[in-house]
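Please read them alongside the sequence and the coordinates.

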Amino acid sequence: MWGGGDYTPASLTCLVSGSGQTTCTPSLPPACWGMCGHPIPSQDGTSSWTLYHIGNCGLLGSRPRLLLVLPSQRLPLTPAGRQCYDLLVIGGGSGGLACAKEAAQLGKKVAVVDYVEPSPRGTRWGLGGTCVNVGCIPKKLMHQAALLGGMIHDASHYGWKVAQPLHDWGKMAEAVQNHVKSLNWGHRVQLQDRKVKYFNFKASFVNPHMVCGVSKGGEETLLSADHIVIATGGRPRYPTHIEDALEYGITSDDIFWLKESPGKTLVVGASYVALECAGFLTGLGLDTTVMIRSVPLRAFDQQMASLVTEHMAVHGTRILRGCTPLRVEKLSDGRLQVTWVDLASDKKDTGTFDTVLWAIALLVLEMKTKEELWMVGRRQLGFHRGD
């Protein structure tokens, strides 16, 4: 039995063709050769084996991890170190954790695999998924901080003599992050209490009943299960059609984990993520601008959406309507200069910010060129070619 150890069986070689196609060829008679993932007849012709890659193949000079599987086995034969489960859940967010804990409560042997790929800015977090780490929980805590500032401001109208409030972003961020980390630990304890095994590594499928997990240190682990649930959720994406958006911008993955104040901020987008972030940034006393390409909160009732943006504008958030960014440049003082175009007049304008936060709808991300983006925005605002 060959498996995932750090060695190359003497009877196998791994070749990479000029086209980049990886071929595993046993050093056996030609009748026994086969492609990776295809049956390889045994020498006596009575049965066939299947060859699988589980890592490193495709890298010239690397040692391939190889696995032979007998067709008579319901689950693949693997090295002695493989761990087997009734249920394997890939993803440690709200859905994945609920699924794993419920299955364990019903007496199943369960494991959870969870790994956070750092954001382009290097932000990372623990178990619990988007809601706990970069969504509902930190967002509500920061909104609460903003509401407290508003209450202090209003207090003078009710007879309270209070000094002008001054917000300390660093102190708030530390408190929010400590609370989030306590929730990360709580989820791990809950899994342990229910005898659910937790693995912090990135998983990829070897076959329908097996995954190979790679830890931050590069160590590989094989896990097999009767059933595998994928509950990986989603992550923000950058608008790659906008020049240097990835280089200089951040997303909601980063805003809740900043150690220092984002300062004057441009929020690009009009989703609920964009408006929520802009709302608490304004409430914390920061100069905040929202750039809206077409309409706010597209999937929601537009009368209510208009009330939301009007309320935000009254309370200090600047709203740029019918505009889309073209590029971001970093100035010599470290600030960011954003160039955008007004889709109604085709006039370009610029502004300088400390932080640019991308919270753009998927439709924008799917545009192939700036011209396509430009024309879609104009149509949604009611402008057509020739207007």
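Is strand β10 (residues 210-214) mostly covered or mostly open, and how many of its five residues are buried? The points below begin with that strand.

1. The model is predicted; local features need pLDDT of at least 70, side-chain atom pairs count only at pLDDT 80 or more, and totals for chains, interfaces and linings use all residues. Residues are numbered from 1 along each chain as its sequence is written, and side-chain values use heavy atoms, with hydrogens and water left out.

2. Strand β10 is mostly covered, with four of its five residues buried. Buried means under 20% relative accessible area, exposed over 50%, and partly exposed in between (1.4 Å probe, protein chains only). Helices (H or I, at least four residues) and strands (E, at least two) are DSSP runs, numbered from the N terminus.

3. Strand β10 has antiparallel pairings with β9 (residues 202-207) and with β11 (residues 220-230); two strands pair if DSSP finds at least two bridges between them. Five bridges link β9 and β10, and Ala-203 has Gly-213 as its bridge partner in β10. A hairpin of two residues connects β9 to β10. Five bridges also join β10 to β11, where Leu-223 is the bridge partner of Val-211. The hairpin between β10 and β11 has five residues between the strands, and Gly-218 in the turn has a positive phi of about 90°.

4. A parallel open sheet is formed by four strands in the order β14-β13-β12-β18. Its edge strands, β14 (318-321) and β18 (355-358), each pair on one side only. From one strand to the next, the twist averages 20°. Strand β12 (residues 265-268) is joined to β18 by four bridges, and Leu-266 has Val-356 as its bridge partner in β18.

5. Helix α7 (residues 272-283) lies across β12, β13 (288-292) and β18, and runs at about 160° to β13. Axes are lines fitted to C-alpha atoms, for helices over the stretch in contact, and angles run from 0 to 180 degrees between N-to-C directions. Contact means heavy atoms within 4.5 Å.

6. In the largest nonpolar core, of 33 residues, Trp-169, Phe-256 and Phe-280 touch the most other members. A nonpolar core is a set of buried Ala, Val, Leu, Ile, Met, Phe, Trp, Tyr and Cys residues joined through side-chain atoms within 4.5 Å. Elements giving two or more residues to this core include α3 (136-155), α4 (169-193) and α8 (302-314), while α7 gives the most, with six residues. The core lies between domain 1 (65-71 + 80-159 + 168-232) and domain 2 (236-363), because both give residues to it; these bounds come from an automatic or database domain assignment. A second, separate core of 16 residues includes Met-291, Cys-323, Val-356 and Ile-360.

7. Leaving aside neighbours within four places in sequence, the contacts of Trp-169 include Met-142, Leu-258, Phe-280 and Leu-286.

8. Thr-123 is located in the loop between β7 (110-113) and α2 (129-134). Thr-123 counts as buried because its relative accessibility is 12%. The side chains of Thr-123 and Asp-254 are joined by a polar contact of 2.6 Å. A polar contact is a pair of N or O atoms within 3.5 Å; within protein, one must be able to donate a hydrogen and the other to accept it, and residues adjacent in sequence count only if both atoms are side-chain atoms. Thr-123 and Leu-258 are 135 residues apart in sequence, with 8.7 Å between their C-alpha atoms.
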